[in-house]
Amino acid sequence: METIKISEQDIINSLCVYIADKRRVNPEQVEIELMYDDDYGFSAEAHVNGRSQILITANMIEALRFYIEHELNRDPFAAKIELKLDEDEGIIAYVQ
């Protein structure tokens, strides 16, 4: 598989679809805020129906695998996924 770069917006979209699937709501009802901390790494905060949930890196990778399978129609477990913090593009992911 060639290397694919997933933009910050597509990461947010993948998290919205992933959380919507888990909570059985429409993706439009999910708000996501991506975060990076030097000590804790990548995380996100999801807001659904007035409730918040913190997503750790493993949850983000799981959401990206869901996105790879359902949006890119590829084997999600045949890919290595790496999150990166880019000065210009924000949080992005590389899928190999």
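A: In this predicted model, Ser-43 is found in strand β3, which covers residues 41-48. Ser-43 counts as buried because its relative accessible area is 17%, under the 20% cut-off. Apart from neighbours within four places in sequence, Ser-43 is in contact with Glu-33, Leu-34, Met-35, Leu-55 and Met-60.

The strand itself belongs to an open sheet of three strands in the order β2-β3-β4, with antiparallel pairing. β2 and β4 (51-56) are the edge strands, each pairing on one side only. From one strand to the next, the twist averages 20 degrees. Between β2 and β3, which run antiparallel, there are eight bridges, and Glu-31 stands opposite His-47 in β3.

Two helices meet this sheet. α1 lies across β2, β3 and β4 and runs at about 125 degrees to β2. α2 also packs on the sheet, where it touches β2, β3 and β4, and its direction makes about 90 degrees with that of β4.

The largest nonpolar core has 31 residues, of which Ile-11, Leu-15, Ile-32 and Leu-34 touch the most other members. Elements giving two or more residues to this core include β2 (30-37), β3, α1 and α2 (57-70). In α1, the buried residues include Ile-11, Ile-12 and Leu-15.

Notes. Residues are numbered from 1 along each chain as its sequence is written. This is a predicted model: local features need pLDDT of at least 70, side-chain atom pairs count only at pLDDT 80 or more; totals for chains, interfaces and linings use all residues. Side-chain values use heavy atoms; hydrogens and water are left out. Helices (H or I, at least four residues) and strands (E, at least two) are DSSP runs, numbered from the N terminus. Buried means under 20% relative accessible area, exposed over 50%, partly exposed in between (1.4 Å probe, protein chains only). Contact means heavy atoms within 4.5 Å. A nonpolar core is a set of buried Ala, Val, Leu, Ile, Met, Phe, Trp, Tyr and Cys residues joined through side-chain atoms within 4.5 Å. Two strands pair if DSSP finds at least two bridges between them. Axes are lines fitted to C-alpha atoms, for helices over the stretch in contact, and angles run from 0 to 180 degrees between N-to-C directions.
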